Amino acid sequence: MSEKIVTLDDATFDEHVKASDRPVLVDFWAEWCGPCKMIAPILEEIAEEQAGKLEVAKVNIDDNLAVTRRYDVMSIPSLLLFKDGELKARLIGAKPKNQLLQEISPYL
């Protein structure tokens with residue numbers, strides 16, 4: 001995983017997302033999820049290309065049930081975009097890079 005992607009958990013999620021001065025795109029994923037593995041390299045590219053404008057983070061749903069339940073993550077991959085600590089967008093499923101960028105661009 002890219003050093004540009006932060007791994008969050010139940011204990012660090014709120015503090016990190018609320019403290020960020022940039023939008024944070026959080027990937028809710030699991031080890032056993034095929035589509036999650038498909039979008040992982042895309043998210044690494046986005047993290048590299050959007051460094052300074054956007055932060056990319058990951059939350060393993062199997063290990064972090066509290067935050068997963070709080071945001072009603074029912075399907076994975078689920079990408080939740082937070083800006084100023086507030087949930088602004090929810091993207092479900094594996095999507096091509098250009099579509100992901102198009103959907104999050106209004107918040108950058």
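Colleague: Why does R22 count as partly exposed?
Modeller: The relative accessibility of R22 is 29%. Buried means under 20% relative accessible area, exposed over 50%, and partly exposed in between, using a 1.4 Å probe and protein chains only. R22 therefore counts as partly exposed.

Colleague: Good to know! What kind of model is this?
Modeller: This is a predicted model, in which local features need pLDDT of at least 70 and side-chain atom pairs count only at pLDDT 80 or more, while totals for chains, interfaces and linings use all residues. Residues are numbered from 1 along each chain as its sequence is written, and side-chain values use heavy atoms, with hydrogens and water left out.

Colleague: What makes R22 and E55 a salt bridge?
Modeller: The closest N and O atoms of R22 and E55 are 3.4 Å apart. A salt bridge needs a side-chain nitrogen of Lys or Arg within 4 Å of a carboxyl oxygen of Asp or Glu, so the pair qualifies. R22 is in the loop between α1 and β2 while E55 is in strand β3, so the bridge ties together parts 33 residues apart in sequence. Helices (H or I, at least four residues) and strands (E, at least two) are DSSP runs, numbered from the N terminus.

Colleague: And why is E55 called buried?
Modeller: E55 has 9% relative accessibility, so it counts as buried.

Colleague: How many salt bridges does the structure hold?
Modeller: There are eight. One of them joins K58 and D27, with closest N and O atoms 2.6 Å apart. K58 belongs to strand β3 and D27 to strand β2, so this pair ties together parts 31 residues apart in sequence. Both K58 and D27 are buried.

Colleague: Where does the charged end of K58 sit?
Modeller: The charged end of K58 lies over the ring of W29, 5.2 Å from the ring centre. For that call, NZ of Lys or CZ of Arg must be within 6 Å of the ring centre and within 35 degrees of the ring normal.

Colleague: Why is the aromatic pair of F13 and F82 called edge-to-face?
Modeller: The structure holds four aromatic pairs. In the pair of F13 and F82, the centres are 5.6 Å apart, with 80 degrees between the planes. Rings of Phe, Tyr and Trp (its six-membered ring) pair if their centres lie within 6.5 Å; planes under 30 degrees apart count as stacked, over 60 as edge-to-face and the rest as tilted. The pair of F13 and F82 is therefore edge-to-face. F13 is in helix α1 (residues 13-19) and F82 in strand β4 (residues 78-83), 69 residues apart. Y71 and F82 have ring centres 5.2 Å apart and planes at 80 degrees, so this pair is edge-to-face as well.

Colleague: Which residues have the most contacts inside the largest nonpolar core?
Modeller: They are F13, V26 and F28, in a core of 19 residues. A nonpolar core is a set of buried Ala, Val, Leu, Ile, Met, Phe, Trp, Tyr and Cys residues joined through side-chain atoms within 4.5 Å. The largest share of this core, four residues, comes from β2. Apart from it lies another core, of 15 residues, including I42 and L91.
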